[in-house]
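Please read these points with the model open beside you.

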Amino acid sequence: MTDRRGAVKVQVAALLLIGSSVAFAVFQALAPAAAAFDGERALAHAAAMVALGPRPLGSEALERNRSYIEQQLETIGLTSERQAFTAATPIGPVEMANIVAKIDPLPGGEGAPALVLAGHYDTKLFEGVRFVGANDGASSAAILLELGRVLVEHPATVPVWLVFFDGEEAVVLWSDTDSTYGSRHMVERMRRDGSLDQIGALVLLDMIGDADLQIPREIGSTPWLGDLIWEAARTAGHAARFPDQWHAISDDHLPFIDAGVAATDLIDFSYGPGNRYWHSPFDTIERLSADSFQAVGETVLTALPRIAERLAGHR
Ligand SMILES: [Zn+2]
């Protein structure tokens, strides 16, 4: 026993020396849901969406992306709802649609506020540049699909909704009115029909596939939610990818924050040297890694029971 433990310690030390947080994670006792997450599957979803080509607002490729998401949800046993709307953009009205899939909780959790796991699937419109948005767009929708597969097999104690936002990207220049069309629509719609209190918290996942992944905490986010997620990152062995640093990012979580919903944004906004791969032809599938998806998936699934506990307590 002592010898074996000693041997394991030596191995752990060796792995730490070579700096591999993924290998280190092998020695962590992950909860069953976190252990079931497969970063390779998430990466494959991202590759499938990138293969559709640029997917800007209103495009045929974006419609094919919607179909891909809906088919994959069906494959994992989830019914999805398309929430279509017309967005007033600087280039005129554009038909958009959010996709929502609700995962049942364990028995007894039906009445609890839901945890929303959200992302966007559109890519920014560029004229004359082939922008396929592997990280900025595809990675976001891809991790939601893999989280969905795991959560159908390992339900949480509260309902979990997967929400795929359309129209996150600005059409011309990022502003309060030209950006986050899908998330703003969802908040408006739920406010109008009085259902917004069904959402207990929202975790946004955006640009999380970068092979060189670093996710600082987002200043505008709800502190308790970030506390639980960054603590879970340490528990799951991914502290190196979730540094205790801060940045300020405008994204799809803000309409929810403004409406009084607890929300946080997991986003790596240092993509390539000087963020050079962001919104550029360099944002291709080669820049992503299954290990990064794995780290984020395990972290979210490790935090989930703690977030659910908190939401159930606020029923
Ligand atoms: Zn973007």
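**Notes on the model**

1. Helix H10 covers residues 290-313, 24 residues in total, and spans 35 Å from its first C-alpha to its last, close to the 34 Å expected at 1.5 Å a residue. That expected span is 1.5 Å times one less than the number of residues. Helices here are DSSP runs of H or I with at least four residues, strands are runs of E with at least two, and both are numbered from the N terminus.

2. This is a predicted model: local features need pLDDT of at least 70, side-chain atom pairs count only at pLDDT 80 or more, and totals for chains, interfaces and linings use all residues. Residues are numbered from 1 along each chain as its sequence is written.

3. At Leu304, H10 bends by about 35°, and Pro305 follows within four residues. The bend is the angle between axes fitted to the seven residues ending at a residue and the seven starting there.

4. H10 is mostly covered, with 17 of its 24 residues buried. Buried means that 20 or more other C-beta atoms, placed from the backbone, lie within 10 Å of the residue's own; exposed means 12 or fewer, and partly exposed is in between.

5. Strand E8 (residues 262-267) is largely enclosed by the rest of the structure, because 6 of its 6 residues are buried. Ala262, Thr264 and Leu266 point one way from E8, while Ala263, Asp265 and Ile267 point the other way.

6. Strand E5 (residues 199-206) runs parallel to E8 and is joined to E8 by 6 bridges; pairing requires at least two DSSP bridges. Val203 stands opposite Thr264 in E8.
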